[in-house]
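I keep these notes as I look things up, one entry for each place I visit. I begin with a single side chain and move on to the chain as a whole.

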Amino acid sequence: MASLGAIILCGGGSRRMGRDKALLDWDGRRAVDRVADLARAVGAEALVTAGADLGLPWVPDDEAGAGPVGGVLAGAAALGTTRLLVLAVDAPTMTPEDLAPLLAAGGYYEGLPVPMVLDAGAIPAEADAGWPLRRFVERAGLASLPVPEGAMGRLRGANTLEEFKALTKTAHPRESGDPS
């Protein structure tokens, strides 16, 4: 049994971003691939994407339209690891240094339920796929760590075109004439 498994939450299309955030181009690489590489770089021995088949091992949501907790539950069951690293696909600019405090202590960053690190045994037995992520982290008893100075943008990722531009420092592909 691997000690650390990673679950990448892939929420699909975004009205604010205009396309699937997992497929956004970040310096020539898909967001999902950058996040998967980050998980491996910090020691994840097994990895799944939750909610979307993007060419990596994946698990479907147990319930149609389930939120991120559904992805966490499905991913945890599929991985069978003792520790879980939960990442959002829309934050491909995170670094191993951003994750180091979470990996050392477990928990999540204040104000951001993902990324998070938890022991599989901390998953509440009554957890439901429809729970808000906040309820999940509270019921799992996860510690809230302060956000390192200057890291909020990298941790939160791009949820709007403006955030995408700020993090990539380039024009959005649609604005540059690229129809993809």
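Thr168 belongs to helix H6, residues 161-168, and at a relative accessible area of 14% Thr168 is buried (buried means under 20%, exposed over 50%, partly exposed in between, with a 1.4 Å probe and protein chains only).

I note that this is a predicted model, in which local features need pLDDT of at least 70 and side-chain atom pairs count only at pLDDT 80 or more, whereas totals for chains, interfaces and linings use all residues. Residues are numbered from 1 along each chain as its sequence is written, and side-chain values use heavy atoms, with hydrogens and water left out.

Next I turned to the loop between strand S4 (25-26) and strand S5 (29-30), where I found Asp27. Phi of Asp27 is near 55°, a positive value in a residue other than glycine, and Asp27 counts as exposed at 66% relative accessibility.

I then checked Val114 and Pro115, which are joined by a cis peptide bond with omega at about 5°; Pro115 sits in strand S10, residues 112-119.

Last, I took the whole protein chain, which has six helices and 11 strands (DSSP runs, with helices being H or I of at least four residues and strands E of at least two, numbered from the N terminus). Of its 180 residues, 49% are buried.
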